[in-house]
Amino acid sequence: MKKNDLKSMGKSFTKYILIIGALLILLDFTFQRHEYFSFVEIYGFPAFFGFVSFVFIVMLGKWLRKFLMRKEDYYDQ
Amino acid sequence: MISNFIPGLIMIITSFLLPTIPQYFRHPAMLLSVGLSALSLFNGYGTFLEWDILGLNLILYQSDSLTLPFAIIFHIAAILVIIFSWHSKNLMEHMATLAYAGSAIGALHAGDFFSLFIWWEATALTSVFIVFAGNTNAAKDAAMRYLIIQVSSGVLLLIGACLMLYQTGNHNLVVLDLKTNFGIFIFIAFGIKAAFPLLNGWLQDSYPESSVTGTVALSAFTTKLAIYALARTFPGTDSLIWIGAIMTAFPVFFAVIENDLRRVLSFSLNNQLGFMVVGIGIGTELSLNGTVAHAFVHIIYKALLFMSMGAVLYRAGTTKASELGGLYKYMPFTTIFCIIGAMSISAFPMFSGFVAKSLIMSSLGGMGMVLIYFILFFASAGVLEHSGIKIPYFAFFAHERKNKVKEAPINMLIAMGIAAFLCIAIGVFPKYLYQILPYTVEYQPYTLDHVISQLQLLVFAIIAFLFLVKFKLYPSEIRSTVLNSDWFYRKMLPGIGKPLFKKIGILTDSLYKNLGLSFKQVLSKSYKFSNLSYIKVTTPSFAGTILISILFIMLVIVLV
């Protein structure tokens, strides 16, 4: 096995995901989605919401480490 | 005769007989017992067994359209667990698992709160041995905490049932509300097992401490039994909508920073229960169908994810993200099965999570509950983060691995393969799932609008992940403990209680010392006093003993 297996896998995965993402946004322009709430129907809203939510979750989680993270043997002390 | 036999009971009986069965025949016997129990699925709806005792009419076996889907999936889960643990020779764990699954199935068919209480406690008492089978000091401690919490839930249920019987004269499983005191007791009892916010600590505390196979069994039954009980007794209870929404959102942040991947899955389990609880809170036919469908598919994909992490633990010896990575080369089948589980829980179209979660989201949309809708939409991105990406990424990819490990044993692969197959089959052919739901609702999950918006959400969340990794913003895994609501009884209460009891101890010590002298004097006097012939204590004769016994029995009879 080559050492850069994971790297090349990561690269091609990124490439395909970006292509799929672009296609999904383009598809959104071809027809009007019907949703329960009107602002979800805005072009690319779910994509934007997904991206922002994900970043928010990770960043807030990272910040919460300050308050919630203890040593591994915390309860044994 | 078989039609009157409580489903699950045959599994409990078999579990007691397991020690007498040779090792090689134990798993076939377990499967056979599940098969025999599953015959009850064909009995149809109705009340099949009642028992009049102490003036109470206990409904031991009843079945209806809400019971059936849970009963089907509990039997499937039991089969998956048995196959997954085929390699194991741990007799205690096998007995506990079979009896636990049997108790959970029995509980589904209880028609009154007292029968439910018996099964409720039976699931607690049997499952604690599964946690215990983790066989580490941490597992043993967690098992004791687990037992206390689970039994407390049962006690609250019993108090609620007694109050209900006393106040209304009824103890059957009927729809309750939170305006009555017994309703509140029962609600909290169910809430503990359903891992409501702040009552959830036991779940993340105990499940990851269990054995390779034990966690799979644990993940399937207890919490979903609570969901069933809530759906039966509290549908349409408004507060459940908010409780559920909080359950979907909060565990997400804990899962991001947790290092133990089985604990990440336990947080994820909590988050999934939130979706189901919201469905119960809405209380419409569509939303209750959504809850049941979600519980059904969730048991399969959650078991699949726990099985994949169980396989990793079995082969690599740990599920800590900080120690793992690169296993895709050595465990390719486990990797694929894990990814299928991850895609199902993330609700990718054509996977089972999609067709179930859609029902709940649609019912929310239909009711115009915009805020809750967005919390759940947000939580969906969270599910993708911790279960869709974090689990497979850190276990199987992340970085190259130096030490070789073997692929999972064949029985594990078979169990994972069946679960993976079901995840895809239900996703592709949802109508078979919809057919067994409690209410007849025409629903089409695969509309172009819905598929596109869901794919946009998920794909761009993945792009966000790639972005964070690329710019080194994604938090690296650190060996650590993440505080959870179990902190209150593991640290805070002992922190207050221990010094307090120490002070009380010092006080009572000095009190005894001061009183010691006077006690001695009293004792010496009483000794002299007791030696006086006319008050000397004598043991009763044989006839006297008989007489006292008869009087005692009469007293008991009169009291009863």
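## Briefing: exposed and buried spots in a predicted model

Lys470(B) counts as exposed because its relative accessibility is 65%; exposed means over 50% relative accessible area, buried under 20%, and partly exposed in between (1.4 Å probe, protein chains only). This is a predicted model, in which local features need pLDDT of at least 70, side-chain atom pairs count only at pLDDT 80 or more, and totals for chains, interfaces and linings use all residues. Residues are numbered from 1 along each chain as its sequence is written, chains are lettered from A and ligands numbered from 1 in the order in which they are written, and side-chain values use heavy atoms, with hydrogens and water left out.

**A charged patch**

- Lys470(B) lies in helix α19 (residues 448-470) of chain B; helices (H or I, at least four residues) and strands (E, at least two) are DSSP runs, numbered from the N terminus.
- Together with Lys7(A), Lys11(A) and Lys472(B), Lys470(B) makes up a positive surface patch.
- Such patches are made of residues with over 30% relative accessible area and no salt bridge, with like charges joined within 9 Å and nonpolar side chains (Val, Leu, Ile, Met, Phe, Trp, Tyr) within 5 Å.
- A salt bridge is a side-chain nitrogen of Lys or Arg within 4 Å of a carboxyl oxygen of Asp or Glu.
- Lys and Arg count as positive and Asp and Glu as negative, while His and the chain ends are not counted.

- Ala77(B) sits in helix α3 (residues 67-84) of chain B and counts as buried because its relative accessible area is 4%.
- Not counting residues up to four places away in sequence, Ala77(B) touches Ala220(B), Phe221(B) and Ile299(B); contact means heavy atoms within 4.5 Å.
- From C-alpha to C-alpha, Ala77(B) and Ala415(B) are 10.0 Å apart in space, although 338 residues separate them in sequence.
- Thr97(B) belongs to helix α4 (residues 91-108) of chain B, and its relative accessibility of 9% is why Thr97(B) counts as buried.
- Neighbours within four places in sequence aside, Thr97(B) is in contact with Val81(B), Ile130(B) and Ala217(B).

- Most residues other than glycine have a negative phi.
- Leu54(B) is not a glycine, yet has a positive phi of about 50°.
- You can find Leu54(B) in the loop between β1 (46-53) and β2 (56-63) of chain B, and Leu54(B) counts as exposed because its relative accessibility is 78%.
- Leu198(B), also not a glycine, has a positive phi of about 70°.
- The loop between α7 (181-193) and α8 (201-206) of chain B holds Leu198(B), which is exposed, with a relative accessible area of 66%.

Technical notes:
Accessible areas come from the Shrake-Rupley method with a 1.4 Å probe; for residues, only the protein chains shown count as cover. The place of a charge is taken as NZ of Lys, CZ of Arg, CG of Asp or CD of Glu.
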